[in-house]
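Hi,

Here is the structure I promised to pass on.

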Amino acid sequence: MVQATPFLLVLFLVLGAHGLSVKKCALTGRWVNDLGSNMTIKILNSNGDFSGIYNTSVSATTQKIIPSPLLGSQNLPNQQNQSTFGFTVHWSFTNSITVFTGQCFVDNDGKEVLRTMWLLRSRVESISSDWKATRVGTNVFTRLQLQE
Ligand code: BTN
């Protein structure tokens with residue numbers, strides 16, 4: 001037990017230091033929003049561009065929901081913290097498009113939160129229906145802890 005104590009202390013310090021040094025607000029990873037939708041963002045390139053998959057839990061249509069691709073850009077979090085971003089989801093199961101824009105914040109508990117606004121454009125048959133074709137809303141995303 002006495003011999004194990006210094007080892008555990010070193011392990012604790014190494015893991016603690018690692019935890020502190022992990023950059024917050026790089027969007028890569030899995031996120032869930034207040035509607036239960038989730039998205040996976042793949043690696044950001046050096047310009048801050050990224051791609052991923054969005055799995056919505058709700059739809060304005062009656063189509064069967066399937067995961068859909070997303071494409072976006074983030075102001076690089078290593079140049080500025082709590083950076084802004086935007087992305088487009090091209091729905092695979094219907095002919096609508098959603099654009100999200102938002103900012104990543106680190107709350108008082110050190111937890112990352114994405115505050116976003118979105119516009120969902122649905123296809124309408126004619127220009128006379130254009131007025132009702134765009135929905136607007138907000139979503140709040142938090143990081144999914146169980147990373148696969
Ligand atoms: C559609 O119904 O036309 C496609 C799916 C739209 C889902 C919307 S996008 C904004 C909001 N946030 C979500 O996570 N899902 C809905």
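**Around the ligand**

The side chain of Asn33 has an N or O atom 3.0 Å from an oxygen atom of the ligand. Before you read too much into any of these distances, keep in mind that this is a predicted model.

Tyr54 also reaches the ligand: an N or O atom of its side chain is 2.6 Å from a ligand oxygen atom. Then there is Asn139, which has a polar side-chain atom 2.8 Å from a nitrogen atom of the ligand. How much of the ligand does the protein bury? On its own the ligand exposes 420 Å², and the protein buries 98% of that.

As for the neighbours, 17 residues surround the ligand, and Tyr54 and Asn139 are among the closest, together with Ser37, Ala60 and Ser96. The shell splits into 8 nonpolar and 9 polar residues, with no charged ones.

**The disulfide**

Searching the whole structure turns up 1 disulfide. It joins Cys25 and Cys104, whose sulfur atoms are 2.0 Å apart. Which parts of the chain does the pair tie together? Cys25 sits in the loop between helix 1 (4-21) and strand 1 (29-33), while Cys104 belongs to strand 6 (residues 97-106), so the link ties together parts 79 residues apart in sequence. The disulfide is left-handed, because the torsion about the S-S bond of Cys25 and Cys104 is about -80°.

Cheers

Methods
Residues numbered from 1 in each chain as written. Predicted model: local features only at pLDDT ≥ 70, side-chain atom pairs only at ≥ 80, totals over all residues. Heavy atoms only, no water. Near = heavy atom within 4 Å. Polar contact = N/O pair within 3.5 Å; in protein donor to acceptor, adjacent residues only side chain to side chain. Areas by Shrake-Rupley, 256 points an atom, 1.4 Å probe, with all protein chains shown as cover. Nonpolar A, V, L, I, M, F, W, Y, C, P; charged D, E, K, R; others polar. Disulfide = S-S within 2.5 Å. Helix = DSSP H or I, 4+ residues; strand = E, 2+ residues; numbered from the N terminus.
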